[in-house]
Each structure stands twice: as C-alpha cells, then as structure tokens.
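Keep the sequence and the 3D view side by side as you read.

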Amino acid sequence: MQSNIQVIHAPINLGLRRDQYGRERGCDKLPNALEALDFHSSIGATDVRRMTKPCYPKEEIYVDGALNSSQIASFSVDLANVVEDILNASDFPLVIGGDCSVLVGSTLAVARRGKYGLIHIDAHPDYYNKYNKERAATAGMDLAIVTGKGTDILANLENRKPYISSELAFTFGYRESDPEKEIIEEVVKDGITCWSAERSIREGIEKTANALTSFINRADIDGYWLHLDADVLDASIMPCVDCPEPNGLQWKDLTYILKSLLATNKITGMNVTILDPLLDSSDEVTRTFNKMLIEVLRELNV
C-alpha cells in the first residue's frame with residue numbers, strides 16, 4: 001500500500017495530572033524528540049502540521065468530572081480540522097501527542113466524514129466517565145468519551161455523539177491485573193470488544209493479530225482509526241510513561257501487531273501518545289520506540 005503520511009504535532013498534556021512533584025508532564029515533547037531522531041524524513045512524511053501547545057493551568061479544573069475539559073474541547077476541534085484537511089487530501093494523518101486526549105479530536109474528524117471504527121491499543125481501558133468516577137484525568141476517559149459516554153463537553157462536540165459506535169471499537173492491551181476490574185466489565189457490557197495483554201501472551205501474537213484484523217475486516221465501513229499508547233509495552237522496556245504496567249508487550253510483538261493492522265489497508269490514520277522524553281534521561285527508550293515506528297510506518301509507502 002502506498003499512502004502519503006502527513007505528521008501532526010499535537011503537544012498537549014492537559015489530559016494528565018501533574019506528577020508527584022507538581023510538575024507538568026513531558027508528553028508534549030515527543031513530537032520534537034522524534035523529529036530530532038529523523039523520524040519524519042525516515043517515514044517519508046510529505047508535510048508536518050504543528051499545533052500550538054495549550055497552556056497548562058496552575059490549578060486542576062474539572063468540568064462535568066473531566067480534567068481541563070474546556071481547554072481540551074477547544075484543542076480537539078482545532079485538531080479535528082487539521083486531521084480532516086489531511087484526509088480530504090487522501091493522505092494518512094499521523095498525530096503525535098501528547099496525551100491520550102488527542103483521540104477526541106482525531107475521532108471527531110472521522111465522524112464528520114462517515115462511519116468509522118477504532119482500534120484502541122493501550123495498557124488501560126481509559127473508560128472512566130462521570131457515571132463511574134466523580135473526577136478523572138481526561139486521558140483516562142478517552143475511550144468512553146469517543147464512544148459517547150461521559151461529559152458532553154467532550155463527548156458531544158458538534159452534536160456528533162458518538163464519534164465511534166461501541167460495536168466498532170476494539171480495545172487491546174489492558175492488563176488483567178488492573179485493580180478496577182469493574183471498569184473492564186463496563187466496557188464489555190457496553191459492547192466494546194476487549195483483548196488483554198495477558199491473553200495475547202497466553203495465546204500468541206499471531207492469534208492476537210488475527211483477532212484484530214478479523215475485527216477490522218468484518219464490517220463494511222469507511223475505515224478505522226488506530227490509537228497507540230506507548231504504555232501497552234511492558235514496564236521493563238517502557239518505563240517512560242506516566243503509568244507503566246507489567247505484563248505488557250515486547251517490541252517485536254507490538255511491531256507485528258501494527259504491521260498486521262496497517263496491512264489491512266483499512267487504517268485511515270493513527271495517534272501515538274504518552275511517551276514522555278523527560279523520563280528518558282539516556283534517550284535509549286525514545287530511540288528504540290522511534291526505530292520501531294519507522295519500521296512499521298515505512299509499510300505505508302511500499
């Protein structure tokens with residue numbers, strides 16, 4: 001498959017709380033960190049769209065239970081405009097965050113165009129919402145928001161709720177050791193397909209990839225958005241995230257999964273989120289992540 005890639009720098013940390021020392025997270029640094037490693041040229045990106053980083057408030061502000069939701073709503077509409085513009089040019093938008101809240105703007109863009117599904121790769125279900133959590137960081141709510149559950153200031157932008165129908169969403173990579181198992185039960189009850197990282201380890205990466213690609217191929221829709229949170233990787237090899245988790249994927253497994261998904265020719269665009277270069281003092285993790293992404297995304301230009 002051959003597709004022109006346009007990179008979008010989406011440097012947003014608003015979906016995450018400050019760290020334990022009161023400092024703003026550094027996920028916004030990822031776009032520039034990858035660019036410094038020649039990522040953009042290595043994947044043959046034809047253009048780079050650079051969004052302005054929104055200012056992080058001095059105090060935590062919640063609207064309808066979601067952290068910084070008013071600012072994120074504004075950023076999401078701006079991001080949707082950029083993503084939609086790239087899609088209208090028949091190119092592949094690659095959104096480099098930033099935190100997981102970029103999923104809101106990305107899926108709003110595809111909702112404007114038609115009926116799309118979602119492959120959500122993440123160590124967490126990201127399904128907090130105002131009905132199961134009084135207050136939450138918006139990066140932990142993104143799957144709920146885009147499938148229409150939670151605060152309407154984010155879930156119903158432009159009256160397009162839901163951006164993705166639950167039956168067209170597949171979340172992969174969450175941990176069975178998650179202490180809030182009732183959240184997973186809620187995801188399943190709402191009709192979202194779930195596959196844990198531990199299940200992938202038990203059943204093998206090929207069977208996991210087949211499950212994902214079969215899910216994509218079963219529905220006759222306009223395409224799928226792919227969301228990748230770096231914390232799906234095992235904490236031993238991906239410590240540079242706000243919430244590293246054990247029992248995750250290895251580099252080769254994630255590479256295989258991503259290549260399999262892109263080979264379906266049904267992935268419309270992609271998010272990359274959460275890796276924090278400020279937590280990577282040697283740059284070793286960022287460099288390995290960069291190398292993996294290059295190997296995977298070169299497939300689009302074959």
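Here is a short tour of a helix, some charged pairs, a few strands and the cysteines.

First, some ground rules. This is a predicted model, in which local features need pLDDT of at least 70, side-chain atom pairs count only at pLDDT 80 or more, and totals for chains, interfaces and linings use all residues. Residues are numbered from 1 along each chain as its sequence is written, and side-chain values use heavy atoms, with hydrogens and water left out.

**A helix to start with**

Find helix α3, which covers residues 69-88. Helices here are DSSP runs of H or I with at least four residues, strands are runs of E with at least two, and both are numbered from the N terminus. With its 20 residues, α3 reaches 28 Å from its first C-alpha to its last, close to the expected 28 Å. That expected span is 1.5 Å times one less than the number of residues.

Which residues of α3 are buried? They are S69, I72, A73, F75, S76, L79, A80, V82, V83, I86 and L87. Buried means under 20% relative accessible area, exposed means over 50%, and partly exposed is in between (1.4 Å probe, protein chains only). Handy background: an α-helix has 3.6 residues a turn, so residues three or four places apart point the same way. After α3 comes S90, with a positive phi near 65°.

**Charged pairs**

Side chains of opposite charge can pair when their charged atoms come close. A salt bridge here is a side-chain nitrogen of Lys or Arg within 4 Å of a carboxyl oxygen of Asp or Glu. How many salt bridges turn up in the whole structure? The search finds 21, including these:

| Pair | N to O distance |
|---|---|
| K53 and D28 | 3.3 Å |
| R112 and E158 | 2.7 Å |
| K149 and E186 | 2.7 Å |

K53 sits in the loop between β2 (47-50) and β3 (62-63) and D28 in the loop between β1 (5-10) and α1 (30-36), so this pair ties together parts 25 residues apart in sequence. K53 counts as partly exposed at 32% relative accessibility, while D28 counts as buried at 8%. Both belong to a network of salt bridges that links E24, D28, K29 and K53.

Next up, R112 and E158 form a salt bridge at 2.7 Å, N to O. R112 is in helix α4 (residues 102-113) and E158 in the loop between α6 (152-155) and β7 (169-172), which puts them 46 residues apart. R112 is buried at 18% relative accessibility, and E158 is partly exposed at 36%.

**Strands side by side**

Now look at β7. A169 and T171 on one side and F170 and F172 on the other are all buried, so to speak covering both faces. Strand β6 (residues 116-121) runs parallel to β7, joined by 4 bridges, and I121 has F172 as its bridge partner. Two strands pair if DSSP finds at least two bridges between them. Strand β8 (residues 193-195) also runs parallel to β7, with 3 bridges, and F172 stands opposite W195.

**Cysteines**

Finally, a disulfide is a pair of cysteine sulfur atoms within 2.5 Å, and the count here comes to 0. For C240, the nearest cysteine sulfur belongs to C27, 11 Å away. C240 is buried, with a relative accessible area of 2%.
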